[in-house]
Amino acid sequence: MERLAVITGASSGLGREFARQLKEKGEADRFLLIARRRDRLEALADELGNAEVLPLDLCQEEAIEAYTAYLEERKLEVFYLVNAAGFGKFGDYRHVGAEASAAMIDLNVKATVLITHATLPHMVRGGHIIEIGSGSCFTPLPHFNVYAASKSFVLHYSKGLREEIKPLGVSVTCFCPGWVETEFLGVAKPEEGVRYPKNPKPLLKAKKVVSYAISRARRGKMLAVTNWYTKLQHMLFKLLPDRILTWLWLKTVL
Ligand SMILES: NC(=O)c1ccc[n+]([C@@H]2O[C@H](COP(=O)([O-])OP(=O)(O)OC[C@H]3O[C@@H](n4cnc5c(N)ncnc54)[C@H](OP(=O)(O)O)[C@@H]3O)[C@@H](O)[C@H]2O)c1
């Protein structure tokens, strides 16, 4: 039986790397690739073979309807769902502004939930859902606030969903990487003069963190927290009050 992987955010960074590695590792042999940039999706589809592209702006409600119809009309059975579409913007509430704040919530929160819900009736027993959280999901982060809060939502949502869908035999893993070399930091960069992490470290390779996330998902693990730094954040999150974690972020990263 074919194993279909649906990957959002497949035109770049982590999403594209998930597609490549799911193929390489024999975890999936058919792909549905989603993002806005059609040319990038088509190039990846050519590289993978047996892949379809669905160029969508997931901030638009019609996009979810189009995706739902696509699955239903073709009666697709999904083995992997990787929800990698997402973005962040550095800056305080004045600099990020209403439009970008709402778009982060629309994409990182709303689209993540709606794509997952649309996919669930098509997921096959033994399948895996990978939602993308972040190292930032563990702590309130001033000057990256809406993004961090949106990822905190993804963490809690993934944990709750995992329990709800246990009877379906589908696992949910929340992947929480630290800083990774993708287009993310370029998109997040604010205008001149705004406070933001200019030299985020350690900067990880997508290849390494995605390989780790797939190994965790295959074993049905709840969390895939990448490198030592993010694991430390995760541990401190359990031990320290938020105000100390926030102080550490302001002093050591920003
Ligand atoms: N890189 C990091 O340091 C890091 C760390 C922690 C978590 N993350 C999370 O990892 C996920 C992937 O990010 P990345 O690092 O791979 O960044 P990236 O290279 O910028 O990729 C983001 C992907 O999201 C897609 N996307 C953006 N807006 C979209 C929209 N409105 N509709 C549909 N697709 C949209 C982009 O495609 P189009 O532009 O073609 O639409 C692209 O494929 C995100 O959720 C991010 O928050 C990243």
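Visitor: What should I know before I start?

Guide: Residues are numbered from 1 along each chain as its sequence is written, and side-chain values use heavy atoms, with hydrogens and water left out. Since this is a predicted model, local features need pLDDT of at least 70 and side-chain atom pairs count only at pLDDT 80 or more, while totals for chains, interfaces and linings use all residues.

Visitor: How many helices and strands does the chain have?

Guide: Helices (H or I, at least four residues) and strands (E, at least two) are DSSP runs, numbered from the N terminus. Here there are 9 helices and 7 strands.

Visitor: How many residues does the largest nonpolar core hold?

Guide: A nonpolar core is a set of buried Ala, Val, Leu, Ile, Met, Phe, Trp, Tyr and Cys residues joined through side-chain atoms within 4.5 Å; buried means under 20% relative accessible area, exposed over 50%, partly exposed in between (1.4 Å probe, protein chains only). The largest one has 45 residues, and Val 6, Leu 32, Ile 34, Leu 58, Tyr 67 and Ile 129 touch the most other members. Helix 4 (93-119) is among its suppliers, giving the largest share, 8 residues.

Visitor: What does Leu 32 touch?

Guide: Contact means heavy atoms within 4.5 Å. Beyond its neighbours within four places in sequence, Leu 32 has contacts including Val 6, Glu 52 and Tyr 67.

Visitor: Is Trp 228 buried or exposed?

Guide: Trp 228 is exposed, at 58% relative accessible area. This residue lies in helix 8 (residues 228-239).
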